[in-house]
Protein chains: 2
Amino acid sequence: MKEVFGYIEEDEKRFIEELKQLVAQPSISSYDQGVKECALLLKEMMERSGIEARIIETPGQPIVYGETGPQGAPLTMLIYGHYDVQPPEPLDLWETPPFEPTVRNNRLYGRGTADNKGQLYAHVKATEAYLKTKGAVPIRLKFIFEGEEEILSPNLEGFARANKELLSSDVVYIADGPGHESLKPTLFFGCRGIVYMELRAKGAKMDYHSGNKGGVLPNPAWDLVHALATMKDGEDHVLIEGFYDRVRASSEIEKRALSEIPYDEKAVLSDLKIGSIAGSKDYGYYEKLLMRPTLTIDGFQSGFTGRGMKTIIPSEAMVKLESRLVPDQNPDEVVEGVKRHLLKKGFGHIEVKVLTKAAPSRTPMDHPFAQKVIRSIEEVHGISPILYPSSGGTLPSYVFTEIMGLPTFWVPYGQNDIQNHAPNENIRLDFYLNGIKTTAALIRFAAQ
Amino acid sequence: MKEVFGYIEEDEKRFIEELKQLVAQPSISSYDQGVKECALLLKEMMERSGIEARIIETPGQPIVYGETGPQGAPLTMLIYGHYDVQPPEPLDLWETPPFEPTVRNNRLYGRGTADNKGQLYAHVKATEAYLKTKGAVPIRLKFIFEGEEEILSPNLEGFARANKELLSSDVVYIADGPGHESLKPTLFFGCRGIVYMELRAKGAKMDYHSGNKGGVLPNPAWDLVHALATMKDGEDHVLIEGFYDRVRASSEIEKRALSEIPYDEKAVLSDLKIGSIAGSKDYGYYEKLLMRPTLTIDGFQSGFTGRGMKTIIPSEAMVKLESRLVPDQNPDEVVEGVKRHLLKKGFGHIEVKVLTKAAPSRTPMDHPFAQKVIRSIEEVHGISPILYPSSGGTLPSYVFTEIMGLPTFWVPYGQNDIQNHAPNENIRLDFYLNGIKTTAALIRFAAQ
C-alpha cells in the first residue's frame, strides 16, 4: 500500500481543494437548490479521477453513477453515498458561510464537508490514487451517489428495483456519519429502520372557551393522551399486539460485539443529565439502542402552549410518533399494528398519517468480507475498529440488504463532532485523509 | 318607574356619548396602559352623575369606589364592575379602531364597550337617572369598580379582607358577560371556580437525535402522557382521590332551573360539529357545564411539532391543565390532590406550577333578593329571565360570597355576540339602554 498511500499524502492539499469545490456548490435537496448542478460537477470530478461516470435521471434528483475496474474481477463492490446536503439554517450561527468552505484548526468547515461530500469524495480520491499508481483497480467498483438522502431517499428503492443488473454486486460499502467519541474507528453491520407517523385527534370545529364548554365538549388532547397511554407502559414496553413478534434475537457474535462497545454508564448519565437509563432492565444499553425497536413521542401539540394562560378546550391534538425498527420487523406491518390497536382500544377515529418509512437492515457479523473491511481499517489506523452489529439510527441500507440481498458495511469517516445537520459542519483533515486511505486499502484487500 | 325610564330614554344619546368617552380612554391592565387615567376619568364621571366617588390605591391598579343613598337605608347593595379591558390585538381584524368607539347597526363598537365599561356605566347612569328624577336613591348604594379583572383580580380578595366595613352590604349585584343566544335576559346565581396549572416533565438536558438515543433516553412526553392518563378515565371521570368529595349536589330548585334552561342538543352538536356531548351520562348538559367540576387539558407541548419530521427525543413536556371547580371544592385542596396523586402514581418528579386560582361561588336560588332582581328584569323586558344556578365560567364572585358572605346576583347586560376578548367588541344600544333601566328598576325594587 506504500505507493498508493504515498500518492494520497503527496496530493493531500489538492484533495482538500477539490473537496472545497464540491462543497462550494450548494445541493440542498429540501429546497431543490443546486442539486442538479452538483450532480454534474461530481460527475466531471469523477471522470477527471479516472472513473467512467454518468448522470441517471430519477423521478426526483439525479443519481450520479460510476464504474471502473475489470469486468471479470473476482469481486464487485458497490459504493453508496449522497451528494445532497441539509439546509444550512440557522445561518447566523455559522462562523464562516456554509458554502464558502474554510480550513480552520485542521478542519474543513462548510455544509456537506462531512455529510456526505467529504466521505463520498474520499472514495473517489482513493480510486484515483489506485488508478494513478497501479494503472487499474483489482476489483470491479460501482458508485451510486444519490441526491435525495437528506429527504429520505424517496427514489432509491425504485431505482434499485429498476436497475438490478446495473447495480449487481457482491458487497456494498458506505462511509457516512460521525464516528465514536473515543475517536476509534468503527464498523457498522446494519441500522434500525423507521416509521414516522403523525396521529391526529379532532374535537369541535374550533377551540372553545373552557368556561362556556368545559364538561360537555370532547377534548382531543385527552383523547390522544388516553390512546397513547394504551400503546406503551411505564417501563417502555410497547403494548401493541404483535409489535415484538418479528424482532430477531441477537446472535452470539452480536452479543459479544455489544458487550465490547466501550460504555461508561456514569459518564453517559452525567453527560445527558439524567438519573437513569430508560427502558427494560432485561437489555443492556447498546442492546436497547441498536437491537431493540422503539416507540417514541417526537412531539406533541395541542391547544394553547404559550406563556401564561388561555382557558380553552383545544379543537385538535397531534402527536409525532416514531418507531425505530429492527430485523425482521416490517414498517407496513407496524403501521397496521398501530391502526389495529387504536381501533381495538376504541380510538379508531384517530387519524394515522405515515410521513416516512424505511425497513431495518442487518448484515451478519461473520460475513467473510467483514474481515477485509477490518483489515483495511487496521492498515490505516493501526488499531481494530469498534464493531457495531447495527446503528441506532437509520440509513437507506435496507435497499441494499433487503431489496438487493447484499451484505452492507458501513464505516464513518468523520470524527465524532462533525456537526452534521447543524451549523459549523466540519470534517477533520486527518480523518478525511484516513478515509481516502481506508477506501484505497479496501480496494486492495477486497481482491484478495 | 315611568319618570325614571322617561329620563333614561330622553338622555339616551348623551349616555352613549359618555360611554364613548370612557371607552376612548384605553385601560389595558395586561400592559398597564392607561388604567390609572381611566380610573380618574371614571371617578369624575361618577361624581358628575351625583355619586360620591374616590380612588383607592391597591398594590396593583386603583379601585374606583363610590357611594350614594341614605346611611340608614333598609338595604345596602354593593355593585361590582371592572373598568380595565382586554388587549385589543389582533388590531388588523378591527373594522374601526378599538379605542375610537363608533356606532354602526345600532351597536357601539370598541374595546370595553361591553366588557365591562358599558355594563358598569349602566349602573352609573341608572343611579343618575334616579337621583335626577327622585332626588335620592331609596337604598344605600356602594360601587366597587376594579382595574384588574382582566388579569384575574390579584388584589380584590385582599382589598375585600382589608376593607370589610367600607364594603359591608346586604347583597352584591354584577352586570357582566354576554347574554343567552335566545336574546332572553338571564340571571346567574354563581360561577365555577378555577385552578390553572402548568405541569412539566423533564428529560435529558436537551433534545437528542432519536437514532442516537432512542431506547435508552427517558422521554418526558411519554412520562407526562402516562401521568395524565392516570388522572382521568375515558368517560371524563377524574381519578384523583377525593376530587369529587366536596362537590355539592344540586338542590331541587337548582335541578328545576337546570331543566328549564332552553337546550336543543341537535343544534348544539351541529353548531360545534361534534358527534356527541362529552362526559358522564349521569348528568345532563347544563348540570355538567355548570354544576360539575372539570379537569381540562388546555394545551400540551413537547418536542418537534412543525410540518414534516424531526427525529428527536424531547427534553421537556408541558401541559396546561385546568380544573373548573364547584362548591364546596377548594382550589388549594385540588392542587394538593393533584400533587399527592402524582406522587402516589410514581410521577412525583413532575413539576406542578399554579398559574391562577379562584374559588367557586354560589348563591341560593331561593334567596328573597332574587325575586327583586327577577322583577326588575320583568319590568324592563316584559318577560322572566332564564335562571342559571351558576355559570360555567369564572368571575371573582367568591370574594363576595365566600370571603364576605354576601348573596351575589349577576345579570349580563350585553347581548350574546358582544365579542368580548375578541376584535370588534360591541354592545347593542338597546341592550345598553335596557341595562340602565334594569339597574334603575332594581334600585327601586330593592327598597321594597
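Of the 243 residues in the largest nonpolar core, those touching the most other members are Leu224(A), Val225(A), Leu224(B) and Val225(B). A nonpolar core is here a set of buried Ala, Val, Leu, Ile, Met, Phe, Trp, Tyr and Cys residues joined through C-beta atoms within 7 Å; buried denotes 20 or more other C-beta atoms within 10 Å of the residue's own, with C-beta atoms placed from the backbone. The model is predicted: local features need pLDDT of at least 70, side-chain atom pairs count only at pLDDT 80 or more, and totals for chains, interfaces and linings use all residues. Residues are numbered from 1 along each chain as its sequence is written, and chains are lettered from A and ligands numbered from 1 in the order in which they are written.

Leaving aside neighbours within four places in sequence, Leu224(A) is in contact with Leu199(A), Ala201(A), Ala317(A), Val319(A) and Ile350(A), contact meaning C-beta atoms, placed from the backbone, within 7 Å.

Ile240(A) lies in the loop between α8 (220-229) and α9 (252-260) of chain A, helices being DSSP runs of H or I with at least four residues, numbered from the N terminus. Ile240(A) counts as buried because it has 20 C-beta neighbours inside 10 Å. Beyond four places in sequence, Ile240(A) is in contact with Met231(A), Gly337(A), Val338(A) and His341(A). The C-alpha atoms of Ile240(A) and Val334(A) are separated by 8.9 Å, although these residues are 94 residues apart along the chain.

In the helix pair, Glu3(A), Val4(A), Tyr7(A) and Ile8(A) of α1(A) meet Ala129(A), Tyr130(A), Lys132(A) and Thr133(A) of α4(A).

Note on methods: Helices (H or I, at least four residues) and strands (E, at least two) are DSSP runs, numbered from the N terminus. A residue is buried if 20 or more other C-beta atoms lie within 10 Å of its own, exposed if 12 or fewer, and partly exposed in between; C-beta atoms are placed from the backbone. Two residues are in contact if their C-beta atoms, placed from the backbone, lie within 7 Å.
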